[in-house]
Amino acid sequence: MLENFIYISDMIGVIACAISGVLVATRLRMDPFGITVLAGVTGIGGGTLRDMMMGATPVFWIVDNTYIYVIITTAIISVYWLHRIHRFPAYLLPLLDAFGLAIFTIIGAQKALMLGFSGPVAIVMGCITGVVGGMIRDILSGQIPFVLQKEIYATASILGAALYVICNYFGFGQIVAMVIAMAGTLSLRVSAIYWHLSLPVFSDDREA
Amino acid sequence: MLENFIYISDMIGVIACAISGVLVATRLRMDPFGITVLAGVTGIGGGTLRDMMMGATPVFWIVDNTYIYVIITTAIISVYWLHRIHRFPAYLLPLLDAFGLAIFTIIGAQKALMLGFSGPVAIVMGCITGVVGGMIRDILSGQIPFVLQKEIYATASILGAALYVICNYFGFGQIVAMVIAMAGTLSLRVSAIYWHLSLPVFSDDREA
Amino acid sequence: MLENFIYISDMIGVIACAISGVLVATRLRMDPFGITVLAGVTGIGGGTLRDMMMGATPVFWIVDNTYIYVIITTAIISVYWLHRIHRFPAYLLPLLDAFGLAIFTIIGAQKALMLGFSGPVAIVMGCITGVVGGMIRDILSGQIPFVLQKEIYATASILGAALYVICNYFGFGQIVAMVIAMAGTLSLRVSAIYWHLSLPVFSDDREA
């Protein structure tokens, strides 16, 4: 039951991130194979770095090839679908990103706790799993990563992972804790997109 | 015999990629040590990521220091040679890149199969080994990676790796399978360079 | 004694690099959590890649969470302090970077030798530990990495690591060897900053 919940959530996250990769790839006028590469990087980049850091190698998608098939299928369907519709709404990319962020953050934190690492490590691992895929996608496409610029992005990931670790500490059921933390991360990030919320920034403009 | 073939091919790939790193580094007006760093990243970056993902650590060039010496020697000779000639042909960089792509793709796929991983994983590992070195080189030098823009690049890598896996599946001798797949990858990529072949691109220009 | 020396040096390096990450992050007008992410990447990025390559996983900061706390504390204090002062000197960033470079290079080389790897591997690992954190920081913030452009940067790292390996080979005490090599790296880099020293560059401008 728990395993199924994690597995299905993870697949939803991979699909959401892979589509976001396809969206960015089409802007760069990539060919179908390049699109699949960018979809893959976005979909499994964060979890790959997480597993390499924790020494959980071979990394997850080498062990379970389903991830590869899901990414290829997602890339093909998305390309076909993008080709059909004449415009897609501007909020689609940040929204897909928000889903990926919420799901991957909590799954990353869960995996770290499950492997016996501490709460702080689980929060960092959650954050890495959540943001790195999109970060690599943005770097590859020549942009300053989304995560480092947009309102309440790393913030949502860190707070969401912390919420999961706290729920876990207080003995919540695993699935309950994950749903609460995913919902918290997602609503925080989506609210930030919708109302353009942001934390105060600290700039050194004065240095000029 | 097989081991020798793989080892010599790998060294040719490292040399080709290291020279391509030197070419890019001189454009950025780097000093000799910076040039060596970029040569090294391009020459062994892809295989390093492959080994880390598969858990084959310490990575190959830590185990066999010859790679380090080959890169340093290549960097020194290339710098000297570039300094001597007054211009080098514009097709040199893509051609070196094509050699590295063909060799590294098949060697990466071969290593994955040899370690007992599945065909799809071998294809992905081949692609990672083939394209990541050049990708990091381009990112470090502030460009959108070649691989994500140029005609039939990721495509040649993926199809070449698939060709190798298929030849292997049908019981071809290892060296025969590798030569066929390397030749296939190289000719596909070189043809694409020569005739400016490309697959249809999918762009969301309409979104505007 | 040796362990304490390494640990304290490492922490000083992490703090110096984390502050440099905060400086860059404030220029990009990041929020506090984004700043912490960039501080962390700069502070522990190099050592993380080193450990993953050598197979020394889980990486060091997963095993010893002190690194996470030090980075968070450094980020908070730096942000507060940057917010208070009205301008900070232009040489602060390169100077912090030079400290991180000197300390991390030698610590990386030391760890590689301690794990039984060869001298050349230790030099490469030292260089990776020294330069990669700042490299990722610069890429994430959309700049061509400092290390690939600035005078005697990779050079100082490589020569410093080589100096350490040589001192070690000739039987110098560990701490003495580390202090000599750190001082050598730091003075080489600081001299280069101060007098704008650089090695001759090789450029292919003639290719035009």
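**Exercise 1.** Determine how many residues helix H1 of chain A has and how far it reaches from its first C-alpha to its last.

*Solution.* Helices are DSSP runs (H or I, at least four residues), numbered from the N terminus, as strands are (E, at least two). Helix H1 of chain A covers residues 2-27 and has 26 residues. From first to last C-alpha it reaches 38 Å, close to the 38 Å expected at 1.5 Å a residue; the expected span is 1.5 Å times one less than the number of residues. Just after H1(A), A:Arg29 adopts a positive phi of about 55°.

The model is predicted: local features need pLDDT of at least 70, side-chain atom pairs count only at pLDDT 80 or more, and totals for chains, interfaces and linings use all residues. Residues are numbered from 1 along each chain as its sequence is written, chains are lettered from A and ligands numbered from 1 in the order in which they are written, and side-chain values use heavy atoms, with hydrogens and water left out.

**Exercise 2.** Describe the packing of H5(A) with H6(A) and of H1(C) with H5(C).

*Solution.* Axes are lines fitted to C-alpha atoms, for helices over the stretch in contact, and angles run from 0 to 180 degrees between N-to-C directions. H5 (residues 92-114) and H6 (residues 119-140) of chain A pack at about 145°, with axes 7 Å apart. Their crossing is right-handed; a crossing is left-handed if the near helix is turned anticlockwise from the far one by less than a right angle, and right-handed if clockwise. Among the contributors to this contact are A:Leu101, A:Phe104 and A:Gly108 of H5(A) and A:Ala122, A:Met125 and A:Gly126 of H6(A), contact meaning heavy atoms within 4.5 Å. By class, the contact has ten nonpolar, six polar and two charged residues. Here Ala, Val, Leu, Ile, Met, Phe, Trp, Tyr, Cys and Pro count as nonpolar, Asp, Glu, Lys and Arg as charged, and the others, Gly among them, as polar.

In chain C, the axes of H1 and H5 come within 8 Å and cross at roughly 145°. That crossing of H1(C) and H5(C) is left-handed, and its contact residues divide into 16 nonpolar, five polar and three charged.

**Exercise 3.** Characterise the surroundings of A:Gly47 and C:Ile107, leaving aside neighbours within four places in sequence.

*Solution.* A:Gly47 is in helix H2 of chain A and counts as buried because its relative accessibility is 6%. Its contacts are with A:Phe60 and A:Thr129. C:Ile107 lies in H5 of chain C and is buried, with a relative accessible area of 5%. The contacts of C:Ile107 are C:Ile6, C:Ser9, C:Asp10, C:Arg50, C:Met178 and C:Met182. C:Ile107 and C:Gly126, 19 residues apart in sequence, are 6.9 Å apart from C-alpha to C-alpha.

**Exercise 4.** Locate the cis peptide bond that joins B:Thr57 and B:Pro58.

*Solution.* Omega of this bond is about -5°, and B:Pro58 lies in the loop between H2 and H3 of chain B.

How values were computed
Buried < 20%, exposed > 50% of the residue type's maximum accessible area, 1.4 Å probe, protein only.
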